[in-house]
Amino acid sequence: MSALLRAEGLRRTFSVSAGAFRPRRLLHAVNGVDIGVERGGVLGIVGESGCGKSTLARMLLGLTPPTAGSIFLDGQDVSTLDRRAVARRIQPVFQDPYSSLNPRRTVASIVAFPLEVHAIGGKAQRRAQAIEMLERVGLPARYADLTPGQLSGGQRQRVAIARALVMKPEIVVCDEPTSALDVSVQAQILNLLLDLRESFQLTYVFISHNLAVVEHIATQVAVMYLGRVVEFAATRTLFARPQHPYTQALLASVLTPDPALGIPDTGLGLAFPDPLHPPSGCAFHPRCPHRVAGCERELPALVDTGAGRVACHLFPPQETAR
Amino acid sequence: MSAAESPVVLEVRRLHVDIRAASAVVHPVRDVSFQVRRGETLCIVGESGCGKSMTSLALMGLLPRAALRRAQALDFLGEDLLQASASRQNALRGDRMAMVFQEPMTALNPAYTIGEQLVEHYRHHRGASLAQARERAVELLHKVGIASAAERLRQYPHQLSGGLRQRVMIAMALMCAPELLIADEPSTALDVTIQAQILRLLADLQRELGIAMVLITHDLGVVARIADRVAVMYAGQVVEEGTAAEIFARPRHPYTRGLLECIPVPGRTAPGSRLGSIAGVVPSLAGELRGCAFRARCPQAQSACLQEIALREAGAGRRWRCVIDEESVIPAQAEIQNALGPDLRGDKARRVVQ
Amino acid sequence: MSAQLPALAELAAVEIAPPRPSALRRLLANKALVIGGGILLAIVVLAVFAPLFAPYDPYVQDLANRTVPPVWYAQGSWAHPLGTDQLGRDYLSRLVYGARISLLIGGSVAVISGLIGTTLGLVAGYFGGRIDMLVSFVVTTRLAMPVILVALATVALVGGSLWVVILVLGLLKWDRFAVVMRSATQQVRSLEYVAAAQAAGASTARIIAGEVLPNVLPHLIVVASLEAASAILLEASLSFLGLGVQPPLPSWGLMISEAKAYMFFSFWLIAIPGAALALLIFAINLAGDGLHQVFMPHERS
């Protein structure tokens, strides 16, 4: 696969205090992740709280150094490249429109900031580029001198997108970009992201807990659970034939607006995943309705089953693609 | 589903909430009317700023001091809440009418154990002894699906996960066997798999205990799955009301239709296609509102929308505020069923491999 | 339907929030700030243009006219509106020139301690980890020292003078700056616009100066006003004890000290500088409170 962005064996461990007088514990937020996205594709990363998707996003953006593993941008190890050169190629859009913009700057200054950092063009030129980008995301020029406090959530998110695109990056890492927005605004932002992907030939890494949104926008989906990828497949395949029991439970929990269907029973029980005390073997086994004997002993490997990759003992490595 | 003939637990007629701000009077709730019967779930759905949370606070009498509540009628089990004294409202609150909030961490006091909070609540309202209250607390923790309840009583809120805390909140709400339960976004802050569990719990409890439930949410998926009746709110008003089946199959108000077109539905909306959207923003809630609040954003706005909009009716409890009397049909249920794989029907996950 | 409209038209009906009243307007609307700031401004004007307001040289002694009471007493006259002190120096003039000293002390100490404390606080709050531990250790050590005693000891060793007092106080009173700025920086540090700046490739210095500092400035201003007031009081106390500014400088604290002996006979000698000091401190605290209300209305004072 000619992946534009690839992560290999990525790990990130935090040392957290477990209370006074107790020794510090290790939190394996990301525990060995191999994923990649092709040029022009949209990689959706889904998972619930504690799965490590936000930590993974921060590592891809260079905000948090990995404890182990490497990230490859177009085949080159990112750690060997100039940090700023990488920043020009990968940019973020964050979740909270209310804290992702500096309240003391004007909109134009926020959007022009990356240009300023990389000393691209003179002051007037930067402002012109910023205003042009604002118009591309649907904010007319008269917004340029407002401050974020005067904008709505959807408008702020557009400013964040403009800022991410002003340097014409190749990859945009979106960490829950629509989760804090109203439904009608979410639709506008998703439409915008899809349009911009076409216009600017972008590649997205789209992190979300909202499976319906991911199904709509992603070309491939990786499902994470307690720091590991448990399933990875093309979107259509994953949603039509989810293989990992956790993926099945996740998809079963999606509440489509269909009054005839009741509330699904995911069959997961009450146990909840605690990243500080991960279960032995397969981290999902305490909640898995298809648990077998080996599940609590051994960590399952990510196996290619022809319909994607799964890390589950129900798919032992000997079974090759049919 | 509840019989339409079961007694009315809560009747709200023409509820208004006015807040006196520095420069103007803001009306977050305007002319809201609905009723809830025993054993029935009413979902109040809307986006931020529509007034749904204010409505729930108005019902419980928990509005901020600057807010004024007025209504033609606000009857709870036949008793007029508008005339009730503050002490009477206090007695009702938590006892006969209970509320579950969105953020279980801030709703539970982190300084006290679960047991202490459950017990205090019950003893305050029922004057029970400590032993009786303890027994009741254990009984309810079992009911909400928490195993080893006796141990849990000794734990502090921070020792429990979000899902467990929300279950404890529900248990606390049910301690005094209320007739009405108001849940304000009870599952929004939770993970998707836990959300399904909590909603299922609420539905089961409601069936078992015959409570009337008002569930407030912005998530149309939640509404579709759990509601018997739906009230769609926009800019402080109820713009459409009906059974869940009616609202989703044949939405009458352009806002409801717009909302339904905004949501990506796996299996129904083509991936990568443009989602429907609603142009514009919510109008200001300050000052008097003339005509339809949605007209600035409505694709079918006309001059008649500037006048007072009448409440149209089409059968029992089916109401909407619009000048247009057009029907709009969402693709029939059968088509949706076929488009989705069998796994997404809410059945138990089938065996994966042979 | 609306699905066909391009993104721009989707915003045709967009409402922009009305612009917030400009910073100046908000500042002027706050009563505490207006009153406190007004009094402070009057005192500053008095101090800056002291030669215009003071009828006499504050150092010139007139032993023939010692302890003349102010004009509202029977024996007073307009020649000396606030009377004279025990060495015949005009009190009004001494008061006006004394304002200079108090303001100079307040301002200089605020600046010196502000620079030290803010730097420490920013660094500790932004980097966290070991650096934070180190800075917290330094702050805790400093907090363990009683400022007055250290100041007294230093002055006793080195001798008292205006600059010694300013230096000593400036080098000691940075702790509140460090603590407040550290916590403010930590709050801002965790916000996403800082992460966005990092992701854009900005250097640490640029982020601290351009993203963090402007957003913690309100905290800085409020603490600075409180510390200035505190410094003025401390200098007055030191001078009162004889270990601050040396005579014949017209420091208000020194004037109070010198008036001690005459307290029961010439009450105004102690009352006037005392009242002036109280007024200045009151004005600074009131203005600082007002600033707090304007910039951080959601936080409790």
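Hi everyone. Let's start with chain B, whose secondary structure comes to 12 helices and 13 strands. Its radius of gyration is 21 Å, close to the 20 Å that the globule rule gives for 354 residues, so chain B is as compact as a globular protein of that length. Please keep in mind that this is a predicted model. If you draw a box along the principal axes, the C-alpha atoms of chain B fill roughly 65 × 65 × 40 Å. Of the 354 residues in chain B, 48% are buried. And if you take the contacts in chain B with a separation of 6 or more, 67% of them are between residues 24 or more positions apart.

Now over to chain A. Here we have 9 helices and 12 strands. The C-alpha trace of chain A spans about 65 × 50 × 50 Å along its principal axes. Buried residues account for 55% of the 322 residues in chain A. For contacts with a separation of 6 or more, the share in chain A from residues 24 or more positions apart is 64%.

Let me zoom in on one residue of chain A. Where does A:Val159 sit? You'll find A:Val159 in helix α5 of chain A, residues 153-165.

Next, how the chains meet. The contact between chains A and B takes 49 residues from chain A and 53 residues from chain B. On the chain A side, the elements that give two or more residues are α6 (183-200), α7 (211-217), α8 (235-240) and α9 (245-253). By class, that side has 28 nonpolar, 16 polar and 5 charged residues.

Chain A also touches chain C, in a contact that takes 29 residues from chain A and 23 residues from chain C. Which elements of chain A give two or more residues here? They are α2 (83-89), β6 (90-93), α3 (107-117) and α6. The largest share, 4 residues, comes from α2(A). This side of chain A divides into 12 nonpolar, 10 polar and 7 charged residues.

Last stop, chain C itself. Helix α5, residues 91-127, packs against helix α8, residues 162-172, at an angle of about 35 degrees, with the axes 8 Å apart. The crossing of α5(C) and α8(C) is right-handed. From α5(C), the contact uses C:Ile101, C:Ile105, C:Ser108, C:Val109, C:Ile112 and C:Ser113, and from α8(C), C:Leu162, C:Val165, C:Ile166, C:Leu169 and C:Gly170. That makes 8 nonpolar, 3 polar and no charged residues. As a reminder, an α-helix has 3.6 residues a turn, so residues three or four places apart point the same way.

And one more helix in chain C: α7, residues 147-158, has 12 residues and reaches 16 Å from its first C-alpha to its last, close to the 16 Å expected at 1.5 Å a residue. Just after α7(C), C:Gly159 takes a positive phi of about 95 degrees. Thanks, everyone!

Definitions and conventions
Residues are numbered from 1 along each chain as its sequence is written. Chains are lettered from A and ligands numbered from 1 in the order in which they are written. This is a predicted model: local features need pLDDT of at least 70, side-chain atom pairs count only at pLDDT 80 or more; totals for chains, interfaces and linings use all residues. Two residues are in contact if their C-beta atoms, placed from the backbone, lie within 7 Å. Ala, Val, Leu, Ile, Met, Phe, Trp, Tyr, Cys and Pro count as nonpolar, Asp, Glu, Lys and Arg as charged, and the others, Gly among them, as polar. Axes are lines fitted to C-alpha atoms, for helices over the stretch in contact, and angles run from 0 to 180 degrees between N-to-C directions. A crossing is left-handed if the near helix is turned anticlockwise from the far one by less than a right angle, and right-handed if clockwise. The radius of gyration is taken over C-alpha atoms; the globule rule is 2.2 Å times the number of residues to the power 0.38. A residue is buried if 20 or more other C-beta atoms lie within 10 Å of its own, exposed if 12 or fewer, and partly exposed in between; C-beta atoms are placed from the backbone. The expected span of a helix is 1.5 Å times one less than its number of residues.
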